[in-house]
Amino acid sequence: MTIPTLNLNDGNQIPQLGYGVFKVPPADTERAVSEAFEVGYRHIDTAAIYGNEEGVGAAIAASGLARGDLFVTTKLWNDRHHDEEPRAAIRESLDKLGLDSVDLYLVHWPTPAKDDYVHAWEKMVELREAGLTRSIGVSNHLVPHLERIVAATGVVPAVNQIELHPAYQQREITEWAASNDVKIESWGPLGQGKYDLFGAEPVAAAAEAHGKTPAQAVLRWHLQKGFIVFPKSVRRERLEENLDVFDFELTSDEIAAIDAMDPGDGSGRVSAHPDEVN
Ligand SMILES: NC(=O)c1ccc[n+]([C@@H]2O[C@H](COP(=O)([O-])OP(=O)(O)OC[C@H]3O[C@@H](n4cnc5c(N)ncnc54)[C@H](OP(=O)(O)O)[C@@H]3O)[C@@H](O)[C@H]2O)c1
């Protein structure tokens with residue numbers, strides 16, 4: 001089974017499907033990531049704030065996999081945007097991960113009330129130039145944040161990682177991203193289990209038509225929309241299920257029916273709004 005890759009705007013490539021480890025308990029992370037590698041995942045999405053970078057690093061070290069076969073993302077936390085803190089923060093993350101560089105480093109939230117995300121982005125550019133990360137991107141950035149960091153630096157982020165699933169499709173951001181060659185990473189791709197995506201008729205119907213589970217139908221929707229996904233599970237059978245999405249294709253009608261699931265008023269959002277996180 002080959003996981004497709006997408007081309008980033010800096011010439012690097014990213015596996016379109018990976019494994020996200022938000023809320024994987026630190027003590028369980030080495031086991032979970034090792035199982036993910038066994039099942040076939042090669043792209044891991046973690047963050048300093050998840051507290052489990054050491055577990056990811058232990059699984060990488062134990063895996064015997066070549067560094068070039070892995071794609072590792074981590075993120076700069078909100079209290080480290082200022083001064084030279086981004087460089088100190090990535091060095092700490094690399095130490096925990098046991099790596100010389102990550103594949104992708106993200107500004108986790110813009111924290112607009114603090115108004116230091118432009119400085120953070122300038123520092124991210126330096127980290128890439130220093131070889132501490134191959135690609136740089138952002139997370140939870142709204143269009144005004146994106147426009148401001150690009151205007152200040154001339155550097156367009158490779159990705160924007162945002163809450164995105166059928167009930168909350170973030171069309172303003174995805175349209176901006178498509179016009180500016182920024183890849184979208186969907187976090188909470190399964191609605192974090194907080195929104196009944198699986199019981200929704202368009203999802204259930206698509207799953208049944210293809211002999212797949214509702215989770216697989218939702219993941220397939222993300223992939224066919226061109227989004228990058230890294231569903232989280234601590235259960236091996238779900239790790240396998242979430243990876244087993246490359247042997248079927250949703251029809252354009254099925255995609256359109258799932259597209260129509262977003263109520264359009266923001267009520268499908270299941271987690272924090274970027275303006276509220278500071
Ligand atoms: N940048 C950000 O601010 C941000 C925020 C949130 C998340 N993220 C990233 O995005 C990744 C994915 O998002 P997420 O973890 O928040 O949510 P998610 O992947 O949408 O949902 C995870 C939940 O769904 C369950 N689940 C997983 N596979 C399933 C399946 N096949 N069938 C039924 N239930 C299933 C999991 O339970 P079990 O574990 O019990 O299986 C867990 O409760 C994170 O791990 C993290 O890497 C980033």
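A salt bridge is a side-chain nitrogen of Lys or Arg within 4 Å of a carboxyl oxygen of Asp or Glu. By this rule the structure has 16 salt bridges. The model is predicted: local features need pLDDT of at least 70, side-chain atom pairs count only at pLDDT 80 or more, and totals for chains, interfaces and linings use all residues. Residues are numbered from 1 along each chain as its sequence is written, and side-chain values use heavy atoms, with hydrogens and water left out.

E35 pairs with R31, and their closest N and O atoms are 3.0 Å apart. Why do E35 and R31 sit about one helical turn apart? They are 4 residues apart in helix 1 (residues 26-39). Helices here are DSSP runs (H or I, at least four residues), numbered from the N terminus.

Now turn to the ligand.

Next come the polar contacts, pairs of N or O atoms within 3.5 Å. A polar backbone atom of G188 is 3.0 Å from an oxygen atom of the ligand. For P189, a backbone N or O atom lies 3.2 Å from a ligand oxygen. H108 uses its side chain: an N or O atom there is 3.4 Å from an oxygen atom of the ligand. Alone, the ligand exposes 900 Å², and the protein buries 89% of that (Shrake-Rupley method, 1.4 Å probe).

Methods. Polar contact = N/O pair within 3.5 Å; in protein donor to acceptor, adjacent residues only side chain to side chain. Helix = DSSP H or I, 4+ residues; strand = E, 2+ residues; numbered from the N terminus.
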